[in-house]
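Have the sequence and the 3D view ready.

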Amino acid sequence: MTLTVPQQSPPAPQSLQPTGWLRYLSFSVDHKVIGLQYLVCGFAFYLIGGALAGAIRTELVSPISDFMPRDVYNQVLTLHGTVMIFLWIVPVVNGAFGNYLIPFYVGARDMAFPRLNAVAFWLIPPAGLLLISSYFITGAAQSGWTAYPPLSLTTPASGQIIWILSVLLLGGSSIFGGINFIATILKLRRPGLKLMQLPMYCWAMLGTSILVVLSTPVLAGTLIMLSFDIVAHTGFFNPGLGGNVVVYQHLFWFYSHPAVYIMVLPAFGLVSEILPIHCRKPLFGYTTMVYSIMAIVVLGLVVWAHHMFTSGTPPWMRLFFTIATAFIAVPTGIKFFNWLATLWGGKISLNSAVLFSCGFIVNFVLGGITGVALAQVPFDVHVHDTYFVVAHFHYIVYGGSVFVIFASIYHWYPKVTGRLMNEHLGRFHFLLTFVGFNLCFAPQHWLGLNGMPRRVAEYDPQFQLINQFSSVGALLMAISTLPFLWNVIASALQGEIAGDNPWNALTPEWLTSSPPPVENWKGEAPLVTNPYAYGTPENEIDLNSVSGSDLWRNGQ
Amino acid sequence: MTSLSPQDQVQEQLEHHEAEHPDHRMFGLATFLVADAMTFAGFFAAYLTFKAVNPLLPGAIYELELPLPTLNTILLLVSSATFHRAGVNLRKGCNERCRAWLLGTAVLGLAFLVSQMVEYFTLPFGLADNLYASTFYALTGFHGLHVTLGALMILIVWWQCRTPSGRVSASNHFPLEAAELYWHFVDGIWVILFVILYLI
């Protein structure tokens, strides 16, 4: 049997994507369709998760639990964390942009396993609906996204079991996606294209997929054991039956610390694509970027116990994991200095994509600094399980990954639709998001340092004023979604026509029409051996079809 | 694959690349098996940690009997060899012999499952009795699930290569090779499991 791409099989390859929007609701095997399915589905869950966050911040406006009962608050925070991690950030930074871009970058017409790809996507909506529906059926899980036993064993079982099923489905989707990315990047490269000539996002996705394949199955096994504890009353993690809760934490964080890199490494890759194009400079330090990604992959697998410094970890373990965690700052720092060096002296066009990328750099450095601080045992023991941790990881996953998702949407929107997004609305969106985000999460550092515990609906009244600041920030973040949504919809209908390559980019996805034809290129895929060759004279750059208004030129 | 000069290989790659979707299913399966191995690694790590830090009450300690699991190990190792013979015969075009070896492999796999059930029913502890009992059943049960799936795959391949022009044949031996790789993997896991669970 040969795996020819059966989908649509256009006899005239000249035509652009021929069919209507209904194929976005179908079992399409086209990687571009699947990428957009991931993106739109993920954004819908982002709105749900955002509404849940709004409920949390509304509850925390006052020190008593008046907006919702305590157990509902627990359900809401569990759903918020699970939705945002497993249904928004992981599927979007990996599935959405990975599926859309990786086949272009390796010069292929589709992913290595197109049908597996579609299966991986279509596991997500049912899993998400299952998770959300648990709230309405029997009450959702109440033990947070970490589902630590014994809490997850003593809270109502039905919600917890549905949570486990949902996360298992999402983990399966993630593993299928990871296998597909590894095979596509390593095996499906256009002949003549070497690994060290690939755009940086390929390396980021290769590293991420290695983490997915190595760590996600451990979470799956752990959750199966947890479900046995709940359903069959075994005692793996139940101290009352001779079990060991710390083993659960080790196994859980063996996945869930790499999960942080599964969420931010692709974002690193996307920023590395966006910045050179809009600064008209080559990506600084390509080789060091590649090695730092791989260093982060290796180190990311051996730092998990820094989440468990207050779980009775022995001193040698604390020492090892503190040192290993501190080491991760080195490759991460290399990447940040490389981005700054890419920006340095460049002809920067401060459009929405670059603004969000720079916002990412600022936020992620702040989150990284608190991360290094949290890796130090004496400090961590003090602020463990306080709002300091909440502030830290929101600076990583929202200030980092979500800012990059928005930057990427502004950057690749013309590729997908053939139209530009409105710049004024985009900058307004950035302003609201950046101010709202920092107003929401910066004060939480102070709250944590002063001892406000996380995951509790009620708090000491002395924290009320700062919590209200934080809630105002959350409101700004909610409002910031409106200009963005309006921008996406209005620009799709009547945005400025972008032309094929509005940014004058050299990465392969721009060297075809916008939107691209079904099998990506009308002829043979171009061989792009230096995707960052900016700075060479314009007449030496072979761009077949440069058209449309581009912001960097307007900015000259 | 026959040996080609490097230029020919690049040329063939190019033609292959343009003509049809290249077949990387074996690579994908191998990657999946790495993931699957990590699931087992998680279980093994949990088992060893429990053993190291959670002492059992003296009354709950039970020495596992060795004869039956040793027989199981031999069954699986022999079945790996018979599966290999089946693959060799299929590539030579000897479908009947291939099917005989496949059937032998499936019978060995099913014998393993039966023997495992016999062990389950003779053990003096149940799933939820204590930590080791639970971990023992989780590990062997998860492995048994793999053996069951593998045996089903063998029977499907056995059915599909019943004629030389069937879906699985000398010209399309990927399904057999995929099932074979999976089977060897499951056998390898058993050897590790045997050492960790029964011998240590």
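**Exercise 1.** Which residues does A:Val271 touch, not counting residues up to four places away in sequence?

*Solution.* Before you start, note that this is a predicted model, where local features need pLDDT of at least 70 and side-chain atom pairs count only at pLDDT 80 or more, while totals for chains, interfaces and linings use all residues. Residues are numbered from 1 along each chain as its sequence is written, and chains are lettered from A and ligands numbered from 1 in the order in which they are written.

Step 1: two residues are in contact if their C-beta atoms, placed from the backbone, lie within 7 Å.
Step 2: leaving out those sequence neighbours, you get A:Trp339, A:Ser357, A:Phe360 and A:Val404.

**Exercise 2.** Find out how chain A meets chain B.

*Solution.* Step 1: 33 residues of chain A are in contact with 33 residues of chain B.
Step 1: on the chain A side, α6 (157-187), α7 (200-231) and α8 (245-279) each give two or more residues. Helices here are DSSP runs (H or I, at least four residues), numbered from the N terminus, and strands are runs of E, at least two.
Step 2: α7(A) gives the most, with nine residues.

**Exercise 3.** Describe chain B on its own.

*Solution.* Step 1: count six helices and zero strands in chain B, which reads α-α-α-α-α-α along the sequence.
Step 1: 31% of the 200 residues of chain B count as buried, meaning that 20 or more other C-beta atoms lie within 10 Å of a residue's own, with C-beta atoms placed from the backbone.
Step 2: take contacts in chain B between residues at least 6 apart in sequence; 77% of them join residues at least 24 apart.

Methods: A residue is buried if 20 or more other C-beta atoms lie within 10 Å of its own, exposed if 12 or fewer, and partly exposed in between; C-beta atoms are placed from the backbone.
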